[in-house]
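Please look at the sequence and the model shown here. The paragraphs below go through a few of its parts in turn.

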Amino acid sequence: MPRERKIPSPEPDFDFFAPHPHPTKVRVINSMFGSVPDAFDGKTLELGKESPRRQKKTTEDATATPTPEPELETKTEPEPVPVEEVMKPSVASEVKAMAWDTSDGSAQSRLFIKGGRIVNDDQSFDADIYIEDGIIKQIGNNLVIPGGARTIEAKGKLVIPGGIDTHTHMQLPFMGTHAVDDFYSGTKAALAGGTTMIIDFVLDQKNVSLLEAYDKWRNWADSKVCCDYALHSCVTWWSPEVAKEMDILCKEKGINSFKMFLAYKDVFMLEDNELYEVFKRCRELGALGMVHAENGHLIAEKSSEMIQHGITGPEAHEMCRPEEVEAEATNRAITLANQANCPLYIVHVMSKSAAKVVTKARRQGKVVFGEPIAASLGTDGTHYWNKCWRHAAGHVMGPPLRPDPTTPGYLMDLLANNDLQVTGTDNCTFNADQKALGKDDFRKIPNGVNGVEDRMSVIWEKGVHTGKMDPCRFVAVTSTNAAKIFNIYPQKGRIAVGSDADIVVWNPNASRTISAKTHHQAVDFNIFEGMLCHGVAEYVMTNGHVVLDEGQVRVTQGMGRFIPLPCNSETVFSRIRERERVGNSEMVFNRIRERERTTKPCKVEREPYDGPVAKITATQMSEKMIVADNPIIPNNAEFHGRPMTSSGARNLQDSTFSLSGQQIDEKSPRRSTTRSLNPPGGKSSGLW
């Protein structure tokens, strides 16, 4: 029987986590989720262990009756509902899902991608790919493959690793409501756009146990995700207990990154001393520190000033958070992390100023990574001044988009040249009625925009299609660099034998126009509305299953796995470890020198010299050599080397210069002073 999904609704006060009493729109979708036998089983894939789905097929399994492929999803998204519409009570939801049975040897578990051009971050080449049990088994030309494999023709197209979105907030409780895209609709949309893995943030209230929050997010996600996912953990308060839980998360729960906030005062924000302690703990655990960089204290003051001046609309959101506020916090975070010798990851770099700070720090040798997002690369903050309140509020996020229209191009240039390294979306979506919580006070507008579905197309359009980056760099910034930083490379982020079959067949010649009417996300607004994008995903495979087939989305709820992220990523920590080793050696040496230093001259103890010594001949040892004073100056009676002239006078071609300072008339008695009454030229007194 079909069941209904209940989407929690907003609360009209400023409590960030309180549920809203007014129900929102209910979507009723037929479901076959009950037929998935392992839908609620644990989804964790331990590193070094093979997934149950990938175990070698037995002879008995190979002869089993093939299971038909999942039916195409024919459901259409309903039209947006006006805010004033009366909503009916809602119940728990289910969505359409059919089991993928890979126990047989059918085309569902065997794929042959033929004729495409494989693009990795470091090279591109023409080759075919054979996939079995969710793993890339063969790459090359003229492959010999088993029968029963489905062939996907990729001639004239690019075959790239599936995208990794490093920054999402699915069904996040925030500012009195919940993000409308949950782990089902959000990951479904991600797959539709070519992203095959997301990394979401565990972000709960202050003083809530990090372990309890982690379990909550896992319970939300495991039964819903359509693609693989991982988690970051957020540290919004500090105590010895938090330090212990960080250790457990790293060693037992697959977490290798922790995010801290310098914004959202009294909600998520840490003070500088707390941030420094967290950085030190991250370094001890081999975890990556992440920071939302804004000045929370200043934003609180500036926000109050805006209200006092009667500016309550979405434009005030940007006005109280200017670029320099983001840049200052970015620089402060980099400084604190550097003092703790902790690698740092700046999330959602939104402005030129912040990007310049990251670039400068990297060129100074600091271990810092910058993450622009689809929003900052694809649009700008001029929308905050739009006359339509809904349009302006739809772009509200933190940090805000910047009104300088050259910002997206500038950030794309830095991304193309490795001054910035990875891309996320900060996908956290709210419908019109939820944004309307702040219709009279911009401070109550839920912060968040879409992007998880459109990230790949936007970056291709603004980066590759404009000539700013090549396809290899596109793969690096959308997939490979994220896999390396978060320590899951080459399982993810690369097309290679043994890697997960998360693959996108990308058509660089196709185009599409982004619109909220056609996207797969649950939100009723799209910040890229009307953007024409060249470059479209035609086929998307996650773990060897075709989930996007020539524009048709085929997804199974709960099919995705939790991917643990091991600590001590080589990309992140290799330089840190080497610097600590060198730094410790220098520290010991300096302490020894300081201990032995005294106020009187000290002899340097060294081995005797036993090398060659120059020989001096007897002629060189003659008495004419003033060895005691200066062996260069001869002790000649004659000061000059040239002979006298024929008249007996000094040769004027001789120089009177001597390295010893000797003068030609040193031995002559000094003459008394002679007064000249009539000097040459006439005297200076008297009448002319």
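At what angle do the axes of helix 9 and helix 12 cross? The axes of helix 9 (residues 352–363) and helix 12 (residues 407–416) cross at roughly 15° and come within 10 Å. Helices here are DSSP runs of H or I of at least four residues, numbered from the N terminus, and axes are lines fitted to C-alpha atoms over the stretch in contact, with angles from 0 to 180 degrees between N-to-C directions.

This is a predicted model, in which local features need pLDDT of at least 70 and side-chain atom pairs count only at pLDDT 80 or more, while totals for chains, interfaces and linings use all residues. Residues are numbered from 1 along each chain as its sequence is written, and side-chain values use heavy atoms, with hydrogens and water left out.

Helix 9 and helix 12 are therefore roughly parallel to each other, a term for angles under 35 degrees. In their contact (heavy atoms within 4.5 Å), Lys352, Ala355, Lys356 and Thr359 of helix 9 meet Thr407, Tyr410, Leu411 and Leu414 of helix 12.

Helix 2 is another part to find. Eleven of the eleven residues of helix 2 (residues 183–193) are buried, so this helix is largely enclosed by the rest of the structure; buried means under 20% relative accessible area with a 1.4 Å probe, protein chains only. Just after helix 2, Gly194 has a positive phi of about 105°.

Asp454 sits in the loop between helix 13 (432–435) and helix 14 (455–464). Asp454 is buried, at a relative accessible area of 1%.

Terms used:
Buried < 20%, exposed > 50% of the residue type's maximum accessible area, 1.4 Å probe, protein only. Helix = DSSP H or I, 4+ residues; strand = E, 2+ residues; numbered from the N terminus. Parallel < 35°, antiparallel > 145°, perpendicular 65-115°, else oblique.
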